[in-house]
Amino acid sequence: MSAFRYLIALPLLFLSLASQAETTPQSRLKSFLDSARTLQAEFTQVQLDESGRLKQESKGFFYLQRPGKFRWDYAKPYHQEIVSSGGKVWFYDVDLEQVTAKKLGQAVGSTPALLLSGEMALEDNFTIEDQGADEGMFWIKLVPKSEEGGFRYVLIGLEGDKLAGMELSDNFGQLTRIYFSNLRTGIVLDPKLFQFSPPAGVDVFEDK
């Protein structure tokens, strides 16, 4: 190769290597999280048993404000709220008039949104794996390094730099899949969305 051709090829090689580095699972996930300081979306959640049969389908709204704040409002088939507030995650079942509060580190198996909130150092606590593209989404797999998390893995699906889906597999072989739609980022969210106090008269079960 002539010196002239070498000088042309060398920058192209560096650009190729840089492009490959930018598409690692960690960089894709970081790019999404950095761009989604606030987020609002509708969601559909399906739960499958160990045989792949549908157990339940739910619908509602999801709100995220990094760092550390998120809210799930389940509208169908039952009214439930999951809110990150005051260093805990609150689970409010309106029909049962029951509230359960878990410490942040113990709640990720119940609400994978905790992985998006900025409250956990993902690379310290999870092995991050590239799962490639499927159905128009790029999938990233997070496997807990500790066996105390209550789940086997979480998949995060991205369409470009937008959140499109999540999947959580628990230790009993059950799957929870979440599909997002009408997603908006970079919007101003009402601070009251991320405030929670147990309503009067409900039963409260709280981790100490």
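Leaving aside its neighbours within four places in sequence, Q45 is in contact (heavy atoms within 4.5 Å) with Q56, E57, S58, Y74, T176, R177 and I178. Keep in mind that this is a predicted model, in which local features need pLDDT of at least 70 and side-chain atom pairs count only at pLDDT 80 or more, while totals for chains, interfaces and linings use all residues. Residues are numbered from 1 along each chain as its sequence is written, and side-chain values use heavy atoms, with hydrogens and water left out.

- You will find Q45 in strand β1, which covers residues 38–48; strands here are DSSP runs of E with at least two residues, numbered from the N terminus.
- Is Q45 buried or exposed? Q45 counts as buried because its relative accessible area is 9%, and buried means under 20%, exposed over 50% and partly exposed in between, using a 1.4 Å probe and protein chains only.
- The side chains of Q45 and Y74 are joined by a polar contact of 2.7 Å. Such a contact is a pair of N or O atoms within 3.5 Å; within protein, one must be able to donate a hydrogen and the other to accept it, and residues adjacent in sequence count only if both atoms are side-chain atoms.

**The partners of β1**

- Strand β1 pairs with β2 (residues 54–65) in the antiparallel sense, over 11 bridges; two strands pair if DSSP finds at least two bridges between them.
- Within β2, S58 is the bridge partner of Q45.
- The hairpin of β1 and β2 has 5 residues between the strands, and there G52 takes a positive phi near 85°.
- β1 also pairs with β11 (residues 175–185), again in the antiparallel sense, over 9 bridges.
- In β11, T176 is the bridge partner of Q47.

- Most residues other than glycine have a negative phi, and most peptide bonds are trans.
- The peptide bond from R66 to P67 is cis, with omega near 0°, and P67 sits in the loop between β2 and β3.
- Another cis peptide bond runs from K76 to P77, with omega near -5°; P77 belongs to the loop between β3 and β4.
- E97, in the loop between β5 and β6, has a positive phi near 55°, and its 48% relative accessibility makes it partly exposed.
- N182 is not a glycine, yet its phi is positive, about 50°. N182 lies in strand β11 and counts as exposed at 56% relative accessibility.

Definitions and conventions. Helix = DSSP H or I, 4+ residues; strand = E, 2+ residues; numbered from the N terminus.
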